[in-house]
Amino acid sequence: MSQVSKRVIAVGFGTHDKAAKLVKAALSRSADVFFLERLRDQSEFESAHAIILSPSFDFESKKYFEIASNCVRAGTNLFIIGLSHTCSSQWQEFTGVTPIDFRPDGEWFFKTSASSPLTRRLPAEFAAVGILTPYEVHDGAEVLLATSIAFINRTTAAIRRLPSATVCTLGLNPTSEHVSQDLAAIARRAVMTGGSRVRFEEGAELGVGIVGYGPYGGMGSYHAAAVSEVPGLNLVAVVDKDPERRKAVEQEFPNVRTYSAVGELAQDDDVDICIVATPPVNHAEISITLLDANKHVISEKPMCLNLKDANALISKAKAMDRMLSVNQNRRWDRDFRAIAKAVSDHKVGSLFNIETFVGGFEHPCRAWHSEESVSGGAIFDWGSHHIDWITQLYGSTPAKVSMTQHKRVWHDVTNMDQIRVHMLWDDGREAQFFQSDIAAIRKPKYFIQGTSGTIIGNYRPVIEETVVPPFGFQEREYHYAEAPATLKLSRYESGAGLIEESIPLEKPNKFAFHKNIVDHLMLGEPLAVDPESAAASIAILEAAQYSSTSDSEYIAISEVKC
């Protein structure tokens with residue numbers, strides 16, 4: 001199920017940077033957005049999928065109205081942010097709304113329509129900050145959002161559907177650095193589809209099958225918990241060779257079918273999505289089998305162990321017109337999201353060095369994770385997350401990679417005790433991922449340098465202290481990597497020197513990956529983790545692994561065999 005980028009023209013956002021930020025957040029994974037300061041002639045917009053107009057657009061000009069309305073009649077969606085109360089009667093008739101007045105900058109609460117596909121699977125109410133313009137809605141327009149003002153619900157977003165396109169009007173001119181993701185979702189849906197991509201009725205569910213259960217904190221049980229909590233998903237079946245694990249499934253989920261072989265799951269017509277939660281060495285083969293059975297597939301990370309298999313999986317998914325994604329769930333870690341926001345807000349300038357670390361000094365686990373022939377090696381475990389973080393922050397993959405490794409202490413497992421991956425970009429940017437089971441003092445989790453500041457993220461212990469009669473004081477320490485890092489930003493200002501500040505963590509977004517899968521399949525939302533980005537990480541991991549066993553100091557990513 002491919003995601004093709006489309007061309008969107010945004011007009012008049014030069015003095016509305018917060019509104020522009022909303023546009024970018026809404027469409028970053030769906031379209032190529034081109035910002036223009038004014039409309040010139042209709043030819044500029046003939047190939048555009050949509051046009052977005054800012055609050056400062058000239059809504060009194062007859063010429064500009066003709067250009068915009070002709071584009072809509074020709075099939076171009078129109079999205080208006082902050083339609084002015086001075087707009088012409090032509091605009092009011094065309095949009096289906098009349099601006100009443102405007103309200104000053106502040107926090108406003110928006111109630112979502114229960115019937116519109118544009119607001120489906122969004123909260124019943126959410127908040128956003130900006131200058132508000134309530135509307136009077138004409139016949140033929142559909143209310144999307146309403147805001148309570150003095151205990152009266154006023155329409156603050158509406159859509160009018162024409163035969164070939166839609167006109168959506170938002171009555172909020174954003175003024176906050178924080179972008180409401182709910183508002184961004186409405187903007188994205190209005191611009192990209194007008195709500196026409198809804199593929200399921202309200203209340204419909206997608207059947208899910210899981211391959212590899214692994215109870216008591218394993219990834220199979222994690223996915224089962226996620227499926228149970230995310231609306232739109234229904235756990236139908238679980239596959240595991242181990243009868244004890246199948247028994248555990250039956251005890252925890254009495255209505256779920258259990259199978260001993262993947263082939264049985266492939267034949268289950270009630271299963272729409274299959275989640276592959278086995279050891280990595282099996283990911284590619286099982287995923288291909290399930291794609292061939294016409295199932296959508298989610299693979300645990302890593303998607304596979306080499307780029308050749310990654311490309312084969314992507315090709316198979318496209319040939320079968322099935323979704324393929326990878327559970328890169330740590331893209332939603334609160335510390336990483338806070339760092340990504342700081343970078344996006346230009347708090348550190350242009351990035352040029354990223355270093356991440358995971359580890360300590362303790363015996364590696366004695367399960368399959370530490371067996372190279374099954375896991376793919378140490379780099380394919382935490383490296384799958386850390387390399388993904390690095391490429392997400394940089395927005396691109398390195399030109400070449402090098403890895404050094406040590407086997408010095410833990411001789412009962414085959415994974416290396418310590419690995420260090422160094423990545424170089426053609427423009428001189430660099431990054432390092434360092435993993436060690438023999439580091440008695442932990443390095444920072446993050447050390448990120450930009451041209452105007454540095455971010456450091458330190459691990460912090462999570463210790464639960466209780467007093468339990470008759471045993472007295474009890475202490476439990478949780479795994480160090482599960483807690484978000486403590487983040488600090490230091491930046492230079494001329495005349496003041498270094499200024500330090502804490503970076504607040506982003507709010508939790510539980511099971512965001514699984515929610516996005518439902519939104520993608522049911523509503524046509526873009527995949528948060530597309531398989532191409534996962535394949536790019538696989539190429540880096542494979543190149544690093546090869547460099548550690550070859551005579552070459554660096555391996556070019558272009559040399560990794562497809």
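This is a predicted model: local features need pLDDT of at least 70, side-chain atom pairs count only at pLDDT 80 or more; totals for chains, interfaces and linings use all residues.
Local features need pLDDT of at least 70 and side-chain atom pairs count only at pLDDT 80 or more, while totals for chains, interfaces and linings use all residues. Residues are numbered from 1 along each chain as its sequence is written, and side-chain values use heavy atoms, with hydrogens and water left out.

View 1. Helices (H or I, at least four residues) and strands (E, at least two) are DSSP runs, numbered from the N terminus. Of the 562 residues, 54% are buried, meaning under 20% relative accessible area with a 1.4 Å probe, protein chains only. Along the principal axes, the C-alpha atoms fill a box of roughly 80 × 65 × 60 Å.

**View 2. Helix α1 (residues 17–27) against helix α4 (residues 181–192).** Their axes, lines fitted to C-alpha atoms over the stretch in contact, sit 8 Å apart, and the angle is about 70° (angles run from 0 to 180 degrees between N-to-C directions). That makes the pair roughly perpendicular, a label for 65 to 115 degrees. Contact means heavy atoms within 4.5 Å; here it involves residues including Leu22 and Leu27 of α1 and Leu183, Arg188 and Met192 of α4.

**View 3. Helix α8 (residues 283–292) alongside helix α9 (residues 307–320).** These axes come within 10 Å and cross at roughly 10°, so the two helices are roughly parallel, which covers angles under 35 degrees. Among the residues that meet are Ala284, Ile288 and Asp292 in α8, and Asp309, Leu313 and Lys316 in α9.

How values were computed. Angles under 35 degrees count as roughly parallel, over 145 as roughly antiparallel, 65 to 115 as roughly perpendicular and the rest as oblique. Buried means under 20% relative accessible area, exposed over 50%, partly exposed in between (1.4 Å probe, protein chains only).
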